Amino acid sequence: MESSLKHHWNKIYTNNPITQTGWYEAEPFPSVQLIEQCAVPKHAPVVDIGSGASTLIPNLLDLGYQNLYAIDISDIALEKAKALLEQARSAQVHWMVDDITNPSAVLQLQNIAIWHDRAVFHFLTKEHHRRTYHSVVQKLVMPGGFVIMGTFAMDGAEECSGLPVQRYSVESLYEFYGAGFRLVESLDYTYQMPSGDLRPYVYARFQKI
Ligand SMILES: C[S@@+](CC[C@H](N)C(=O)[O-])C[C@H]1O[C@@H](n2cnc3c(N)ncnc32)[C@H](O)[C@@H]1O
């Protein structure tokens, strides 16, 4: 049976054009910049958790990344994401439906070189869900691999798409990851929503020791 969280996100992706969602980016600028700065080989496995129907995957394909995992709780989002790509390009991507708070298929992955999360982790308002997230990242990301987080900043929104969020600073993200990771760089970024409203984000790039 569909979980209520999956139902929530599927409803959002069914009822809204992608370009009108409050997180749509025509150019996923900070994400691409931070991923490129990792300088991993283009065949290395890269995960985009809660990928939705974002423009990141087409951008990374254009840049030559060959081993992309687009993972989301919403099958409707991933179907929309696939539809943005020609069939041959879509076939180059590993599409996975999974819930990061109750992971299953995702646990089969290993040696991930980059774990990227934009606007997903901040929805995890329960401590045990954050602990599960941490253990998945710890298990999947290879030593020397990178973790890129983009979340609502401390002065950012308190909810998104009808759900409460947890806001972060670079320090609190660092605290979450703990001693097994080093902070490589961070940046503040103000995202402009399709409505014109501004949303402050914080981005941080970590390396697993
Ligand atoms: C605000 S959207 C961001 C989408 C994309 N990362 C972007 O930047 O455009 C949040 C995404 O996370 C997905 N999501 C929410 N909770 C999730 C979970 N527990 N596991 C996996 N994906 C989840 C949603 O379906 C949605 O696509």
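This report describes the overall fold of one protein, then its sheet and helices, and finally a single loop residue.

The structure is a predicted model, in which local features need pLDDT of at least 70 and side-chain atom pairs count only at pLDDT 80 or more, while totals for chains, interfaces and linings use all residues. Residues are numbered from 1 along each chain as its sequence is written, and side-chain values use heavy atoms, with hydrogens and water left out.

**Overall form**

The protein has seven helices and nine strands, where helices (H or I, at least four residues) and strands (E, at least two) are DSSP runs numbered from the N terminus. Its radius of gyration, taken over C-alpha atoms, is 16 Å, close to the 17 Å that the globule rule (2.2 Å times the number of residues to the power 0.38) gives for 209 residues, so the protein is as compact as a globular protein of that length. Buried residues, meaning those under 20% relative accessible area with a 1.4 Å probe and protein chains only, make up 52% of the 209 residues. Contact means heavy atoms within 4.5 Å, and among contacts between residues at least 6 apart in sequence, 70% join residues at least 24 apart.

**The sheet and its helices**

Seven strands form an open sheet with mixed pairing, in the order S3-S2-S1-S4-S5-S9-S8; two strands pair if DSSP finds at least two bridges between them. Strands S3 and S8 are the edge strands, each pairing on one side only. Within the sheet, S5 and S9 pair in the antiparallel sense over seven bridges, and Thr 151 has Val 202 in S9 as its bridge partner.

| Helix | Residues | Strands | Angle |
|---|---|---|---|
| H2 | 29-38 | touches S4, S5, S8 and S9 | about 160° with S8 |
| H4 | 75-83 | lies across S2 and S3 | about 160° to S3 |

**A loop residue**

Asp 155 is placed in the loop between S5 and strand S6 (159-160). Because its relative accessibility is 59%, Asp 155 counts as exposed, a word used for values over 50%. Asp 155 and Arg 199 are 44 residues apart in sequence, and their C-alpha atoms are 8.7 Å apart in space.

Methods. Axes are lines fitted to C-alpha atoms, for helices over the stretch in contact, and angles run from 0 to 180 degrees between N-to-C directions.
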